[in-house]
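Then I turned to the rings.

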Amino acid sequence: MKDEGFRKLSDMFSLKGRTALVTGSARGIGRGIALALAEFGCRVAVHGSKPSGHLDEALALVREMSPESFSVSANLADRKAVAGLVDELRARDAMPDILVANASVQYRAKWNEITPVQADEQMQVNFHSTLQLVQGFAPRMLEAKWGRIVTVGSVQERRPHPDMAVYAASKGAQENLVRNLAKQFGPTGVTVNNLCPGVFLTDRNREALADPVYGKAVTDVIPLHRYAMPHDAAGAALLLCSDAGRYITGTTILVDGGLSLPK
Ligand SMILES: NC(=O)c1ccc[n+]([C@@H]2O[C@H](COP(=O)([O-])OP(=O)(O)OC[C@H]3O[C@@H](n4cnc5c(N)ncnc54)[C@H](OP(=O)(O)O)[C@@H]3O)[C@@H](O)[C@H]2O)c1
């Protein structure tokens, strides 16, 4: 194998000339990842389920660092909309070198109370849409012999919450897909990894964490004794999306403050 020689680490983190789609980057963890990729030179397709003030705000922040970035919206619960998203990026000549499948839906309900509609929606957005996006974008990555696929999972792959059985299962299915595809894509250099957040302060749990009793119960079981901020996943995502992480594939990186460790 040809030795490519020494490259400065700062060059290996560079994403100049790359394009990324970060799903669910209008807000929360996805926005933090989109900002990090933009900071390192990537053109980013910032995405939300629909046009919104959050999406406009995220794009404005991303564009401060990466002016060629743009926004797209598609409801990933709708297979036709997912196909439309792939078509839109192709039409813009912006097929991504980097896919970060971050958007998800989450319903809290006991295993015997969750409705078929809620179960289907979680599987569609959290698992099937990821597969559909990979099917849309990976062929070009494989041909180019460069690509990065990062799924955003959850600490619940290791430590499932009793009221989120289907959500946890959808993330587990996604992680299994990652290991399967990493092996198949490996010979081309395209990497596939899973990044698992622990407890992050984002819109989905802002209200719950604002309750001091619940908030303390949560932070008490986290070894770092605090929950994370949305940008706390950005460093790990940048590693997985850049050449600095080119020898990492098929793995899960937990960004969970130690929450998944055994008691
Ligand atoms: N927050 C946590 O503590 C935590 C813990 C473990 C794992 N995670 C995972 O981390 C990822 C990001 O979570 P977050 O807390 O940052 O989320 P969030 O703040 O609730 O934001 C979710 C993003 O996903 C988009 N989205 C939701 N449903 C969608 C749909 N049907 N179609 C398209 N886009 C959709 C939203 O779009 P709009 O802005 O248009 O609504 C939004 O931009 C998720 O995969 C989540 O499961 C989070």
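I began with residue classes: Ala, Val, Leu, Ile, Met, Phe, Trp, Tyr, Cys and Pro count as nonpolar, Asp, Glu, Lys and Arg as charged, and the others, Gly among them, as polar. I sorted the shell around the ligand and got 13 nonpolar, 13 polar and five charged residues.

I noted that this is a predicted model, where local features need pLDDT of at least 70, side-chain atom pairs need pLDDT 80 or more, and totals for chains, interfaces and linings use all residues. Numbering runs from 1 along each chain as its sequence is written, and side-chain values use heavy atoms, without hydrogens and water.

Entry: the shell. I listed 31 residues around the ligand (near means a heavy atom within 4 Å). The closest are R27, N102, Y167, G198 and T202.

Entry: polar contacts. I looked for pairs of N or O atoms within 3.5 Å. A polar side-chain atom of S49 sits 2.7 Å from a ligand oxygen. The side chain of N75 has an N or O atom 2.9 Å from a ligand nitrogen. L76 uses a backbone N or O atom, 2.8 Å from a ligand nitrogen.

Entry: cover. On its own the ligand has 900 Å² of accessible area, and the protein covers 93% of that (Shrake-Rupley method, 1.4 Å probe).

Entry: charge over a ring. I took NZ of Lys or CZ of Arg within 6 Å of the ring centre and within 35 degrees of the ring normal. Which residues lie over the face of W146? R18 does, at 3.6 Å from the ring centre. R148 does too, at 4.3 Å.

Conventions
A polar contact is a pair of N or O atoms within 3.5 Å; within protein, one must be able to donate a hydrogen and the other to accept it, and residues adjacent in sequence count only if both atoms are side-chain atoms.
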